[in-house]
Amino acid sequence: MTQATQPQTSLSFAPTFTHLVSKEGGVKYPLKALHVCEETFSPLEVAYDYEAIRNQVTRTTIEAGPNSIWRYKAFLPVESQNPIDVGTGMTPLVKSTRLARRLGLKNLYIKNDAVNMPTLSFKDRVVSVALTRAKELGFTTVSCASTGNLANSTAAIAAHAGLDCCVFIPSDLEAGKVLGTLVYNPTLMAVKGNYDQVNRLCCEVGNTYGWGFVNINLRPYYSEGSKTLGFEVAEQLGWKLPDHVVAPLASGSLYTKIYKGFQEFIKTGLVEDKQVRFSGAQAEGCSPIATAFKEGRDFVTPVKPNTIAKSIAIGNPADGYYALDIARKTNGNIESVSDPEIVEGIKLLAETEGIFTETAGGTTVAVLKKLVEAGKIDPEETTVIYITGNGLKTQEAVQEYIGQPLLIDPKLESFERALERSRTLDRLDWQQVLV
């Protein structure tokens, strides 16, 4: 591997993003608030000058950068020398012991964005990038269509940046996610409909009012923030790529951008070339990508969501086609699991590793378990699962399945009776498992 000898300091990079380009046909567009190619109707994404990145970046300059996503600024589509930095990123990569042992895996890692700042989900990454770019493009009002986590992030980071904010959510979201948006005092619109209906309304609002919608007209910039989940894993593994990743699938953007992040580190000589297997996780109640994968189709048929995993309940995934392509060309898999399996996935991660994840994470853990049981994950592989949000946001999903505290009098004998009762119940539970 060759590296440049005189890189610039961490945040003083000259911009390396050059234009927008359509994923189909390669049609070029200027670096404006655009997201769909007028000729091919395919999504637009950001293109970079990778030689310029090679000349500016080394492992050493990255390691010397801020303890946030902005240590990778040369790979992100912003010009500002002072991007919006609220401490987002560099979340733990946890080497699993008890979960790995329970599943029979030897090299399992958990990328834990349940503790990402400031709103405890991976969405803080994409929003930090999107709102930095929004300010550069002159937007003063920002917005989003959200299943919850994105609304939290957009409201919080807009408040920090001094931007006006109006966000849109389905009206049936979990209370924790609604409260976790309202506390930042945005204008919050609860729409009587599912996410796809919310998204269609937001397209109309964006066209009418000219606001910066992070996941619509700013989507090419916004989605690039997810690459940092790939960058961090490679760096935290000692500048090596894993053998296999398992990530949740909603629109498919996160999944495809982790792949792009790995490829960019290869292109710029920061890691050795290696094919990483990509597997995806969906809930059975909203599994259009998993269904297409199982049926061998290269197109995704939209569905109406019906699942507790609301954060990944996107029935018409914008990047579904590209997620299918990545899974197939890397010899990965895309699986779905039932709502009861999702709850068990949440509980399994919590009781083995002390990580409380929301329903998207429960889906990922449940799919990991399903893939292991089907012999689709080699126990020797270095496997990374992505936990993308915090369970405190979706307490309703597990509330009925985790028991109640033992109510006792403030007396030793009351405690001892309750302790014996709890041990008896534990023994009965184990006997049921053994049977």
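Figure 1. Glu-353 is buried but has no salt bridge, and the nearest side chain of opposite charge, that of Arg-98, is 6.9 Å away. Buried denotes under 20% relative accessible area, exposed over 50%, and partly exposed in between, with a 1.4 Å probe and protein chains only. A salt bridge requires a side-chain nitrogen of Lys or Arg within 4 Å of a carboxyl oxygen of Asp or Glu, and in assigning charge Lys and Arg count as positive, Asp and Glu as negative, while His and the chain ends are not counted. A polar atom of the Glu-353 side chain lies 3.2 Å from the backbone nitrogen of Arg-98, and a polar atom of that side chain lies 2.9 Å from the backbone nitrogen of Leu-99. Leaving aside residues up to four places away in sequence, Glu-353 touches Ser-96, Thr-97, Arg-98, Leu-99, Ala-100 and Ile-110, where contact means heavy atoms within 4.5 Å.

**Figure 2. The open sheet of three strands, in the order β2-β1-β3.** Pairing in this sheet is antiparallel, and two strands are taken to pair if DSSP finds at least two bridges between them. Because β2 (28-29) and β3 stand at the edges with a single partner strand each, one side of each is left without a neighbour in the sheet. Strand β1 (residues 17-22) is joined to β3 by five bridges, with Tyr-48 of β3 as the bridge partner of Phe-17. Two bridges join β1 to β2, and Val-21 has Lys-28 of β2 as its bridge partner. Strand β3 (residues 44-48) is mostly covered, with four of its five residues buried.

**Figure 3. Cysteines without a disulfide: Cys-165 and Cys-202.** A search of the whole structure finds zero disulfides, a disulfide being a pair of cysteine sulfur atoms within 2.5 Å. For Cys-165, the nearest cysteine sulfur is that of Cys-144, 6.6 Å away. The sulfur of Cys-202 has its closest cysteine sulfur in Cys-144 at 7.2 Å, too far for a bond. Cys-165 counts as buried at 12% relative accessibility, as does Cys-202 at 1%.

**Notes to all views.** In this predicted model, local features need pLDDT of at least 70 and side-chain atom pairs count only at pLDDT 80 or more, whereas totals for chains, interfaces and linings use all residues. Residues are numbered from 1 along each chain as its sequence is written, and side-chain values use heavy atoms, with hydrogens and water left out.

Key
Polar contact = N/O pair within 3.5 Å; in protein donor to acceptor, adjacent residues only side chain to side chain.
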